[in-house]
Amino acid sequence: MGEIVGSKSGISSKNEYLVPDYYKYFSCKGKECRYTCCSGWKVTIPMNEYFKLHGITCNKKLRENIDRTFRTLPDFTPERYAEIIHNSFGECPLLLANGYCNLHSQLGEEVLPSVCRYYPRGPKVDYAFECSTTNSCERTLELLFETDDLISFEKRRIELKIPLSLGKVKADEKLIYESVRTFVFKILQDRTVSLPDRILKIGKVILELDGDIHTNLLEIDLSILPITKDIPYVYQIMENVASWFIEKNPNISPFFSDILSYLENKPIEEAYLEIEQHLSEVLPNHEIMFEKMLMNNLFFRQFPFQEFTSNFEEEFVYLCGAYLFTRYLSLGYMRDKSSIDDFVDIMARSFRVIAHFRFERNIFQLLKLQNAISYESLAKLIQI
Ligand code: SF4
């Protein structure tokens, strides 16, 4: 059982969290980070944290630095009250030359807005006490790729200051959460089956649960029929999807538009064979790397119970969409690159898009517009 200690800024709780094996080794790379998370991304903070920052006692210079960093949003709500105004380099004005945060180094972790305090960690306390770090952080990906071992999980006692939602989720819902996740994660890590087939098996499980959440998991038919690759179909759909995300996110545009122009200028099947072969040569274990990224992402996002989707069908579309999006962009980006750092860079960027731009809702709508959300269509798409 955890200890819960009330405090002025929230509730401090010291609990046993379920964490992935790499978690204990995580520490931020600071100035060594190639694409720091303090750069280029819209970050908002809630009203109570905004006023807390404006009321803290500090020296005049830091006060001015804080005032330059946050501005209230015109359409503010209590949850999204103010945003960080990036400087001309696209960086948070509180970012120091050594890669650390001015606020943190002068006043300690306590005063940081929660988004800055915990990123890239994602503590969860409703269905279960769980914590992991997000794939949008390059250090996380580096840790994931250090070995080809399956990700395992362990309990660690961690102190985090977050509001607890005690009683919000009922005991029987927690049991279902745990049994479904254990079942689908076992499927995802079954390396005797190809990764696209594992994704389809998970789809079969959760689509069945959409009909009846109490379905006996062991009785679900997990057979997968052979599916023929249809690369022109995949690329026609993905070009529209990727273009939409690029248009909405100007700061990733230079990074991704190059991929689109390359693919436009070659017969698609020929281009695909070339880039797929190249990826297999430079990263022979890429299927394992995708498996580990998906495992970490699904664990982090409480799949298939994440709050941003309405049902398990949307969860399945999210899973296929995340795989498709990251695979499509990595194949294109890696075509003339060969280092693991390059792969980490494109994947961290892709997962930032997934994390910051309501990916689950948008991918569902984008694929729906192209009549591509049926099980059969998704099965064809993920053969990329
Ligand atoms: S992306 Fe990760 S390693 Fe890089 S600055 Fe952010 S937390 Fe640190």
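This is a predicted model: local features need pLDDT of at least 70, side-chain atom pairs count only at pLDDT 80 or more; totals for chains, interfaces and linings use all residues.
Me: Switching to helices, at what angle do α6 and α11 pack?
Reply: Helix α6, residues 171–188, packs against helix α11, residues 286–300, at an angle of about 170°, and their axes are 10 Å apart. Because angles over 145 degrees count as roughly antiparallel, α6 is roughly antiparallel to α11.

Me: Which residues make that contact?
Reply: From α6 the contact is made by Arg181, Phe185 and Leu188, while α11 contributes Glu291, Leu294, Met295, Leu298 and Phe299. By class, the residues of this contact divide into six nonpolar, no polar and two charged.

Me: Now Asn296, where is that one placed?
Reply: Asn296 is in helix α11.

Me: Buried or exposed?
Reply: Asn296 has a relative accessibility of 2%, so it counts as buried, the cut-off for that class being under 20%.

Me: What does Asn296 touch, leaving aside neighbours within four places in sequence?
Reply: On that basis Asn296 is in contact with Pro20, Tyr22, Ser132, Thr133, Thr134, Asn135, Thr140, Leu144 and Ile151. With Tyr22 there is also a side-chain to side-chain polar contact, at 2.7 Å.

Me: How far is Asn296 from Asp212?
Reply: Their C-alpha atoms are separated by 27 Å, and the two residues lie 84 residues apart along the chain.

Me: What about His286, which helix is it found in?
Reply: His286 is found in helix α11, and at 10% relative accessibility His286 counts as buried. Leaving aside neighbours within four places in sequence, His286 is in contact with Leu279, Ser280 and Arg327. Its C-alpha atom is separated by 15 Å from that of Ile151, a residue 135 residues apart from His286 along the chain.

Me: Last one, where does Gln306 sit?
Reply: Gln306 is in the loop between α11 and α12, the latter spanning 312–333. With a relative accessibility of 4%, Gln306 counts as buried.

Me: And which residues does Gln306 touch?
Reply: Not counting residues up to four places away in sequence, Gln306 touches Arg301, Glu315, Tyr318 and Glu360. For Arg301, a polar contact of 3.2 Å joins its side chain to that of Gln306.

Note on methods. Residues are numbered from 1 along each chain as its sequence is written. Side-chain values use heavy atoms; hydrogens and water are left out. Axes are lines fitted to C-alpha atoms, for helices over the stretch in contact, and angles run from 0 to 180 degrees between N-to-C directions. Helices (H or I, at least four residues) and strands (E, at least two) are DSSP runs, numbered from the N terminus. Angles under 35 degrees count as roughly parallel, over 145 as roughly antiparallel, 65 to 115 as roughly perpendicular and the rest as oblique. Contact means heavy atoms within 4.5 Å. Ala, Val, Leu, Ile, Met, Phe, Trp, Tyr, Cys and Pro count as nonpolar, Asp, Glu, Lys and Arg as charged, and the others, Gly among them, as polar. Buried means under 20% relative accessible area, exposed over 50%, partly exposed in between (1.4 Å probe, protein chains only). A polar contact is a pair of N or O atoms within 3.5 Å; within protein, one must be able to donate a hydrogen and the other to accept it, and residues adjacent in sequence count only if both atoms are side-chain atoms.
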